[in-house]
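Subject: Structure for you to look at

Hello,

Here is the structure I said I would pass on. My notes follow below it.

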Amino acid sequence: MTSPFSRDGVAAGLHRVVRDMPPGMLALQASALLVDGFRLALVAAHDEGTTLRVVYLFLAGGPDRRVELQVTLAADDPRLPSLASVSFAASRFEREMHDLYGIVPVNHPLPHRMVRHAHWPAGWYPMRRDAGPPPPFVDADSFPFLEVAGDGVYEIPVGPVHAGVIEPGHFRFSVVGERILKLKARLWFTHRGVEKLFEGLEATGATYLAERISGDTSAAHALAHSLAVEDALGIALPEPAHRLRALVLELERLYNHAADVGALANDVGFSLANAHAQRIREQLLRINDATTGHRLLRGAISPGVVELRALPDPAQLADLAAELEEVAQLTLANTVIRDRFTGTAALSLEQVRDLGCLGYVARASGLAIDARTDHPTSHLAVSRVLATGGDVLARFTVRRDEFAAGVRLATDLIGTAGDLAFQAEPTGSTSPGEAVRSGVGIAEGWRGTVVHRVEVAPDGRLTRAKVVDPSWFNWPAVPLAMRDTIVPDFPVANKSFNLSYAGNDL
């Protein structure tokens, strides 16, 4: 795809350069990018028969910069130097690659399984071309939970099956009395092989799968996937089309934030506030249906296409904003609720930066990161919402204020909208013999930045799709935030993050 080696990189798509290099240079190049303000956004392995290729995507905003580091490994002995000492996110991507591709991160400090649970046979790597059908699953290994010992210390296991219609996750608390000494979150109970399912699909016809990665983030995943395919195939849409897409994502932000404002109140016993918030959410879902034909906004965005049925009524959105503001005001006016929120499950700016947190979790701790301004597809009047407390209260107020800001932005987008449908075709050739082309798509979903990277064969079919939901980055923050809190605060603290299991458990 690129020259054998280039120190500066080869242009490859929108704002993106690719640097091929031997594995021995990886740590040096990655460290230099991190020092220069980039963050590691995605790592994707590719099985190319006798070799494995690994792509590290680094992103920086202001201006939009995207750098990919690529290394090639022998398929029969795939080893690369671990970047765990310079990037926590890299350490988790490396464990994922080992589980799915058998790539060994040399000198990784914590190389145990992550995606593959104990019943997955050792030595079977499902993303490899020669993986074959799944062998019989057996209890061949166990997860090395760290046991906390001492006077009065005991464990509380919760899940993976929970009392309610939520997705599975296992939480193991080590506590003294009610105080939490340590929490371990074990996920990946519903691995669906989503990235494998993309392989072989028509690049311009796979949006339905992207929309189902995480149901409450259908629009953001559809947009990130579409932008990646458009980047690969050279599809260009005009500014008004990107503004219509931005409107769809704001509608997704609104109904999810409204639901969370109510759910947080509900988790501390204020069910009346939750009832009103859910009523507001239902109104927003009906607006979604009228705007796109689907309550979860599916079908409006696909590669080269955006199509709306109608525009929302700005006056109705303004009324709902006023109503949600009142719900939030009544919630925080209750001194018991405010006390439960204040100082609970706090994360510092340094912690969210080290973990690579995204979205409202990052912004509630003061980290200004937002793909709408860092990697814009059009100029948007985005109002920056930041807090500094990093606790449940901050994550509540950031959602409240982002709801109001989202209504203002949606109103602006509605006021400047003209045509409600746009369609563009690929400008590049797809003739046989042409090289595989890659593309990157970045969208600011309601939880945070969603990144997709695709590779498209000359016949127009996907050879690889890598997906990173913001929950991938934010899940490790939950156990850290729970340290030295109390067990009864876990529901409201967990809800203040409200992370996606499906978006994480691909």
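How many of the seven residues of strand 16 (residues 462-468) are buried? Six are, so strand 16 is largely enclosed by the rest of the structure. Buried means under 20% relative accessible area, exposed over 50% and partly exposed in between, with a 1.4 Å probe and protein chains only. Strands (E, at least two residues) and helices (H or I, at least four) are DSSP runs, numbered from the N terminus.

Before the rest, the conventions. This is a predicted model, in which local features need pLDDT of at least 70 and side-chain atom pairs count only at pLDDT 80 or more, while totals for chains, interfaces and linings use all residues. Residues are numbered from 1 along each chain as its sequence is written, and side-chain values use heavy atoms, with hydrogens and water left out.

Strand 16 runs antiparallel to strand 15, joined by six bridges; two strands pair if DSSP finds at least two bridges between them.

Arg 447 sits in the loop between strand 14 (437-444) and strand 15 (449-456). This arginine is buried, at a relative accessible area of 3%. The side chain of Arg 447 comes to 2.7 Å from the backbone oxygen of Asn 498, a polar contact (a pair of N or O atoms within 3.5 Å; within protein, one must be able to donate a hydrogen and the other to accept it, and residues adjacent in sequence count only if both atoms are side-chain atoms). Leaving aside residues up to four places away in sequence, Arg 447 touches, among others, Asp 216, Tyr 360 and Asn 474; contact means heavy atoms within 4.5 Å.

Strand 2 (residues 16-20) and strand 5 (residues 65-74) are parallel, with five bridges, and Arg 19 stands opposite Leu 69 in strand 5.

As for the whole, the protein chain has 17 helices and 16 strands. Buried residues account for 56% of its 506 residues. The C-alpha trace spans about 70 × 65 × 45 Å along its principal axes.

Regards
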